[in-house]
Amino acid sequence: MINKMKFSLKFFGLLIVVIPIFSAAAFGDISAEDPDLPVFQHLKDVKVMTPFPDGNFYPEKLVTRAEALTIALRAGGIVIPKSFDGQIAFEDVDPNAWFTPIVARGMELGFVSTKSQKFYPNRAITKAEFLAFLFRATLVDF
């Protein structure tokens, strides 16, 4: 009986150690039962998708144009400078915004069109716009 109790305590202790490893594997709001968990884990590991400050992914959240460009550049392995000290061609991009170096890099590489005076960084992105960013950044050759 005592040996059985020791085994139960060891097993319970092992669960306490192992469960947080699995739940913290990808994002806090992605179930360990999700069949796409390896995809989410990979996106996090290679820093294409990073968790929000609370550790969640928010799969139902819409993506903004600034976020989509960030994802595309990361997916393409393109270095994004940490700071920005130059001119930006868009009147709606604050030079001090978190995404300004990303937009500037996208412009520099020709992934972002400067035909318009606005980039609309906080607007939800269309599938077509996102795929254009992604395919350009990952150098898909059509």
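Phe142 is exposed, with a relative accessible area of 78%, where exposed stands for over 50%, buried for under 20% and partly exposed for values in between (1.4 Å probe, protein chains only). The model is predicted, so local features need pLDDT of at least 70 and side-chain atom pairs count only at pLDDT 80 or more, while totals for chains, interfaces and linings use all residues. Residues are numbered from 1 along each chain as its sequence is written, and side-chain values use heavy atoms, with hydrogens and water left out.

Phe142 lies in the segment that follows helix 5 (127–137); helices are DSSP runs (H or I) of at least four residues, numbered from the N terminus. Together with Leu131, Phe135 and Val140, Phe142 makes a nonpolar surface patch of about 400 Å². Such a patch consists of residues with over 30% relative accessible area and no salt bridge, nonpolar side chains being joined within 5 Å. A salt bridge is a side-chain nitrogen of Lys or Arg within 4 Å of a carboxyl oxygen of Asp or Glu, and accessible areas come from the Shrake-Rupley method with a 1.4 Å probe.

Asn56 is placed in the loop between helix 2 (37–45) and helix 3 (65–75). At a relative accessible area of 16%, Asn56 is buried. Leaving aside residues up to four places away in sequence, Asn56 touches Phe27, Gly28, Asp29 and Pro51; contact means heavy atoms within 4.5 Å.

The loop between helix 4 (100–108) and helix 5 holds Arg123, which is partly exposed at 48% relative accessibility. With residues up to four places away in sequence not counted, Arg123 touches Val63, Thr64 and Arg65. Between Arg123 and Glu67, 56 residues apart in sequence, the C-alpha to C-alpha distance is 9.9 Å.

Definitions and conventions. Patch = residues over 30% accessible without salt bridge, like charges linked within 9 Å, V, L, I, M, F, W, Y side chains within 5 Å. Helix = DSSP H or I, 4+ residues; strand = E, 2+ residues; numbered from the N terminus.
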